[in-house]
Amino acid sequence: MICYFVACLSDLLYIVRVQKIKPDFKDVLAKPLACGLVMTTFLLLTRNLFAKFLPNSLCVLLLVTVGVVIYFTTVLLFGVFDKNEASKVPLLGRFLQKERSR
């Protein structure tokens with residue numbers, strides 16, 4: 001994680017210093033971090049419950065699936081992407097186009 005953090009930080013520094021772009025840190029950092037914290041909190045609270053009733057491999061598979069669903073749900077709820085950005089995501093874009101046509 002430290003490696004990814006350093007890479008992210010160096011990219012942000014490049015964007016700010018060299019490209020002279022001032023990103024809105026609330027949108028760039030706070031919202032995705034909040035989504036990750038919601039997902040992590042939910043998974044930490046439910047992992048013992050799943051582990052009691054399921055074998056380890058199935059428990060991990062279920063938790064990863066639930067984590068993905070929770071993360072992308074919170075991304076949509078917190079407005080991390082606007083509709084224009086979200087429409088460029090392959091599967092999500094198709095879903096949003098169907099919603100617009102209704």
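Tutor: Helices (H or I, at least four residues) and strands (E, at least two) are DSSP runs, numbered from the N terminus. Read along the sequence, this protein shows the pattern α-α-α-α-α, with five helices and zero strands. The model is predicted, so to speak of local features we need pLDDT of at least 70, and side-chain atom pairs count only at pLDDT 80 or more, while totals for chains, interfaces and linings use all residues. Residues are numbered from 1 along each chain as its sequence is written, and side-chain values use heavy atoms, with hydrogens and water left out.

Student: What radius of gyration does the protein have, beside that of a compact globule of 102 residues?
Tutor: The radius is taken over C-alpha atoms, and the globule rule is 2.2 Å times the number of residues to the power 0.38. For a compact globule of 102 residues this would be near 13 Å, but the protein has 17 Å. Its C-alpha trace spans about 55 × 45 × 20 Å along the principal axes.

Student: How many disulfides does the structure hold?
Tutor: A disulfide is a covalent bond between the sulfur atoms of two cysteines. The criterion here is a pair of cysteine sulfur atoms within 2.5 Å, and the structure holds zero.

Student: Is Cys-59 buried or exposed?
Tutor: Buried means under 20% relative accessible area, exposed over 50%, and partly exposed in between (1.4 Å probe, protein chains only). Cys-59, at 6%, is buried, whereas Cys-3, at 60%, is exposed.
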